[in-house]
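Subject: Structure handover

Hello,

Here is the structure I promised you. Please open it and keep it beside this email while you read.

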Amino acid sequence: MWKELVKNFTKKQKRALYHILVGAVVFFIGAFVPNIYGLPLIINITAFLIVGLDVVKKAIKNISRGQVFDENFLMAIATIGAFFVGEYSEGVAVMLFYQVGELFQSYAVNKSRKSIAALMDIRPDYANVEREGGLITTDPEEIKIDEIIVVKPGEKVPLDGVVIEGSSTLDTAALTGESIPRRIETGQDILSGVINLSGVLRIRVVKSFGESTVAKILDLVENASSKKSKSENFITKFARYYTPIVVISALLLAVLPPLLISGTSFFEWIHRALIFLVISCPCALVISIPLSFFGGIGGASKAGVLVKGSNYLEALSKAEIIVFDKTGTLTKGSFQVTEICAEGVSKEELLRLAAYAESYSNHPISQSLKQAYGKEIDRNIVEEVEEFSGKGVKAVVEGITVYAGNRKLMLMQNIAVDERELNGTIVHVARNGTYAGYILIADEIKEDAREAIWAIRQLGMKKTVMLTGDNKETGEAVAAELGLNEVYTELLPGDKMDKMEELFQKKSEKGKLVYVGDGINDAPVLTRADIGIAMGALGSDAAIEAADIVIMTDEPSKIADALRISRKTLNIVKQNILFALGIKGLFLIMGAFGVANMWEAVFADVGVSVIAILNAMRALHYQPSSILPKSRVAG
């Protein structure tokens, strides 16, 4: 275990460990040498220089830059001061334990950064592009749109594109957090950053590297730390004022009591002041709070949720109202045949006629009919195709005149159709002037949407709301099935913004409103919300750009994960603030009254820092909570 630990040390950490071990040996020797010829002092000074010289150098360097009041300054003054009052071994011991704490702290921070760096190790080093009749290896940034790249097994996909030849399985863990490989076939879209596991793929590039998924993810992660939370800003300001105050307090503690209280010595109060300085180091707060948020963002990334800054992670923990778009967010945005009602013909024949009549159209409804039919369509038997804008199509299929479309098309042909209110789009079909039945096509609800809404409500959300441009029947049916509190239908993009303003009035002063969407028309609403969440896998670039948080898998259940991660992170931050301030406050009082000694001062500084950092590292590890199965989720 010890060898494995040291193996993961950086060169700087190994050098620090070497100094600590050598310094500790020298210090141990100094404790046993006789007090002749000043040997204890010489040995302790030697041990101090081995262990603490770099701290003194940093303090001097920072003072020359105008950064006087930092932990290096406090430790240098406190330990050198111990030598001046004759507490040689105490001065070395304090620096020794401080360096042990710093080493452990450095290791903890480095480990958390490595975890996130490994997670985000998705930047492709090269791309194989087909040029001049051969395969050339080049920088992905040099490849243009519509060029053909080849990705071999074990290689990262360097650019977003469409597979034009080959099939394979993909490791998408770095993008989505999912450990199960995903199958990819010819004709399907493929995202950069995933790893090709098996077959050779030929891909037509659809986005330049700067606009690719991998580039955007790296940009989000790299810039996340620039957007600080209120807690981080508080700690930064706190440290700026706190450190000078404690240094001045220590100086007053060393000087005033001996002058004002008779029978006291400068030696005693200087010693107390030095202890006071050691205790006062704000390392625990300054390091552990940013590390907590850094870990929270890393934990979210592992779960397939990209957070653009710790300020958004903090804001999400205060969410009270979550507003959803419907299509592409709660539903798949892909239409499917859900019901076939035939009159005078079989269901199979009705679907066949409709699929053939729509065979020349690329409309999503036409595509869903052809997909449901599932057989190869021989267009040679389709004649006299005529499209009626906004109504449907007419075609002659093997001599049979077929009309397929909405109720308006049927009425235009004087074909009687009953009024029906169904959840979805109805395609009526007529055969040689006689009504033959209808096919119902609906947008399918995402597999985890019900569980997502249930989990979000279990987390104490005040309202779950859906805004959609769909008709009233469809919107209300989806909302009822998912168990949403409110639904507003038949909305234009401008109407969505108006509804958002109304919803803002329903949250508390400190509460936050979250909007979840995926389309171009959602971009203004995502920007207006306190926190905008975009579906990243299939969502539009405009929505992803406008959002504060991106769900890489398009799964609504990830929103519940993001909420849990944000709350866990904020709890850790609050724990560290209360713990560090509480312990330090107690020991500062004890030090001022002479109750705490140097060893206890070391615990108050190094010990609190280590405990706070270990606690902060918990934010990096998140295990999704189990969600009830669909059968148990009732509206």
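Below is what was found in it, part by part.

**Ground rules**

This is a predicted model, in which local features need pLDDT of at least 70 and side-chain atom pairs count only at pLDDT 80 or more, while totals for chains, interfaces and linings use all residues. Residues are numbered from 1 along each chain as its sequence is written, and side-chain values use heavy atoms, with hydrogens and water left out.

**The whole protein**

The protein has 21 helices and 22 strands. Helices (H or I, at least four residues) and strands (E, at least two) are DSSP runs, numbered from the N terminus. Of the 635 residues, 51% count as buried. Buried means under 20% relative accessible area, exposed over 50%, and partly exposed in between (1.4 Å probe, protein chains only). The accessible surface comes to about 29700 Å². Carbon and sulfur atoms hold 56% of that surface. Such areas come from the Shrake-Rupley method with a 1.4 Å probe; for residues, only the protein chains shown count as cover.

Now the contacts, meaning heavy atoms within 4.5 Å. Take those in the protein with a separation of 6 or more: 65% of them join residues 24 or more positions apart.

**A hairpin**

Strands β1 (residues 127–131) and β2 (residues 134–138) pair in the antiparallel sense over five bridges. Two strands pair if DSSP finds at least two bridges between them. E130 stands opposite L135 in β2. Two residues lie between the strands of this hairpin, and E132 takes a positive phi near 55°.

**A three-stranded sheet**

Next comes an open sheet of three strands, in the order β6-β5-β8, with antiparallel pairing. β6 (182–184) and β8 (195–196) stand at the edges. Each has a single partner strand, so one side of each is left without a neighbour in the sheet. β5 (residues 168–171) and β6 pair over three bridges. Look for S168: its bridge partner in β6 is I184.

**Rings and charges**

The structure holds three aromatic pairs. One of them is Y356 with Y373, an edge-to-face pair at 6.0 Å centre to centre, with 70° between the planes. Y356 lies in helix α12 (residues 347–357) and Y373 in helix α13 (residues 364–373), so the pair ties together parts that are 17 residues apart in sequence. For the rule: rings of Phe, Tyr and Trp (its six-membered ring) pair if their centres lie within 6.5 Å; planes under 30 degrees apart count as stacked, over 60 as edge-to-face and the rest as tilted. Both Y356 and Y373 are buried.

R352 lies over the face of Y356, at 5.6 Å from the ring centre. Elsewhere, the charged end of R528 sits over the ring of F504, 4.0 Å from its centre. A charge sits over a ring if NZ of Lys or CZ of Arg is within 6 Å of the ring centre and within 35 degrees of the ring normal.

**Two buried residues**

T468 lies in the loop between β18 (463–467) and α16 (472–482). T468 is buried, with a relative accessible area of 2%. Setting aside residues up to four places away in sequence, T468 touches K326, G475, Y488, T489, E490 and L491.

V478 lies in helix α16. V478 is buried too, with a relative accessible area of 3%. Beyond its neighbours within four places in sequence, V478 is in contact with K326, T331, I445 and M466. V478 and T331 are 147 residues apart along the chain, yet their C-alpha atoms are separated by 8.7 Å.

**An enclosed strand**

Is β21 (residues 531–535) enclosed or open? Five of its five residues are buried, so β21 is largely enclosed by the rest of the structure. I531, I533 and M535 point one way from β21, while G532 and A534 point the other way. In a regular strand the side chains alternate between the two faces of the sheet.

β21 pairs in the parallel sense with β20 (residues 512–517), over four bridges. There, Y515 has G532 as its bridge partner. β21 also pairs in the parallel sense with β22 (residues 549–551), over three bridges. A534 stands opposite V550 in β22.

**A helix to finish**

Helix α20 (residues 557–592) has 36 residues and reaches 53 Å from its first C-alpha to its last. That is close to the 52 Å expected at 1.5 Å a residue. The expected span is 1.5 Å times one less than the number of residues. G594 follows α20, with a positive phi near 80°.

Best wishes
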